[in-house]
Amino acid sequence: MDTNSPLVILGGGPAGSAAAITARLAGRPVELIERAKFPRHKVCGEFLSPEVRPLLEQFGVSFPEAAQIRRVALHLRRAEKRFSLPEPALGISRYTMDCRLLLRAEAMGARVVASSENTPDIVATGRRAAQAKGTRLFGFKAHFAGPANDAVELYFFGGGYVGVNPVEGGFTNVCGLLPESVLAPLGFEVDVALAGFEPLRERLRPMARQFDWLNVGPLVFGPQQGVANGRRAGDALQFVDPFTGSGMLAAIETGVLAAGASNADYLRQVQRILSKPYYMASIMRSALSSSWVETLLPLVPGELLYYVTRPKKIR
Ligand SMILES: Cc1cc2nc3c(=O)[nH]c(=O)nc-3n(C[C@H](O)[C@H](O)[C@H](O)COP(=O)(O)OP(=O)(O)OC[C@H]3O[C@@H](n4cnc5c(N)ncnc54)[C@H](O)[C@@H]3O)c2cc1C
């Protein structure tokens, strides 16, 4: 790899910015192409997995304003599960996080541009959407004011889920995904869909939505475009089911790896850190739509459910 030529990165989300910062730490020139104007809101649960801390330290980035998320509460129709996280996760909005990472890359010398003729070495453009009509899943998010706590609460219903967790400023992120078959008959009115699941309706009763629902979709999980065409990082490589709360961690880890490795090494390293947790996430997603999960859930240690969906730490 010629380390004097600029590393061209397409996309300045968590994966692209992590790649840019890593390359700059190694002294390599970087061109980072990001078409959106930051800061901007983005549909995301904004649960930043705690294993990301050493990488943020390495980047020289911190989020002191982030909410500390210490507990998990899973709500199904007839079962509940509560457990503590091994270490606190961060509740931080994408409005704050993505902008701070991009600015850090820029402050370290990355040239940030809105477009470029250069061919990217790293593609970090996020998820691609394509799915048959009728089976499609759509994501949504808003921030709410009202009673906040230190838990990530996941409500599974209607073939999808809704997550509720604190973010900075005392606000609460409400974000989820539901199938078109649930949303379409309700005219895609998210408030009406959420009110249909009683535990969630009660949780949101004292809360006030702070802006219109942001929508995204259709969502497709799994490998996005294969990994053969060079170094795709983050969601452009593989999109994990968001209920795991590990997408941003995986994006940052693959961004770091993409900036440092040759193509062959990169694929091997990615395989090592992501294949098992992504496989476990797909099994858990299938299990969630089966009837026996309500009986089984109370028997499985919560910490195990969390642990098996974490990307491995990068060396
Ligand atoms: C409903 C939902 C809830 C989620 N909740 C969580 C959660 O709680 N915790 C978690 O860890 N993960 C969560 N995720 C996953 C998380 O959002 C992603 O894993 C993460 O955003 C991936 O980062 P990325 O950098 O790969 O892509 P992105 O964040 O999508 O960034 C891609 C960037 O590339 C830019 N771009 C795209 N195309 C171009 C182009 N042609 N030229 C220039 N720029 C371009 C875009 O503007 C964007 O800024 C959730 C996802 C969804 C859909």
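Predicted model: local features only at pLDDT ≥ 70, side-chain atom pairs only at ≥ 80, totals over all residues.

Biologist: Where does L299 sit?
Modeller: L299 is in a loop. That loop runs between α9 (293–296) and α10 (302–307).

Biologist: And is L299 buried or exposed?
Modeller: L299 is exposed, because its relative accessibility is 67% and the cut-off for exposed is over 50%.

Biologist: New topic. Which helix holds T96?
Modeller: T96 belongs to helix α3, which covers residues 94–107.

Biologist: Buried or exposed, for T96?
Modeller: T96 is buried. Its relative accessible area is 16%, and buried means under 20%.

Biologist: What does T96 touch, leaving out residues up to four places away in sequence?
Modeller: T96 touches E65 and E168.

Biologist: Now the inside. How many cavities of 30 Å³ or more are there?
Modeller: One.

Biologist: What volume does the largest cavity have?
Modeller: About 40 Å³.

Biologist: Which residues line the largest cavity?
Modeller: The lining includes G234, D235, L237 and Q238. G247, A250, A251 and T254 also line the cavity, along with L274 and Y278.

Biologist: Which elements give two or more residues to that lining?
Modeller: Those are α7 (247–260) and α8 (263–288).

Biologist: Which one gives the largest share?
Modeller: That's α7, with four residues.

Terms used: Residues numbered from 1 in each chain as written. Heavy atoms only, no water. Buried < 20%, exposed > 50% of the residue type's maximum accessible area, 1.4 Å probe, protein only. Contact = heavy atoms within 4.5 Å. 1 Å grid on protein atoms, 1.4 Å probe; cavity = no way out; pocket = protein on both sides within 12 Å on 5 of 7 lines; lining within 4 Å. Points joined across faces, edges and corners; volume = space filled by probe spheres on them.
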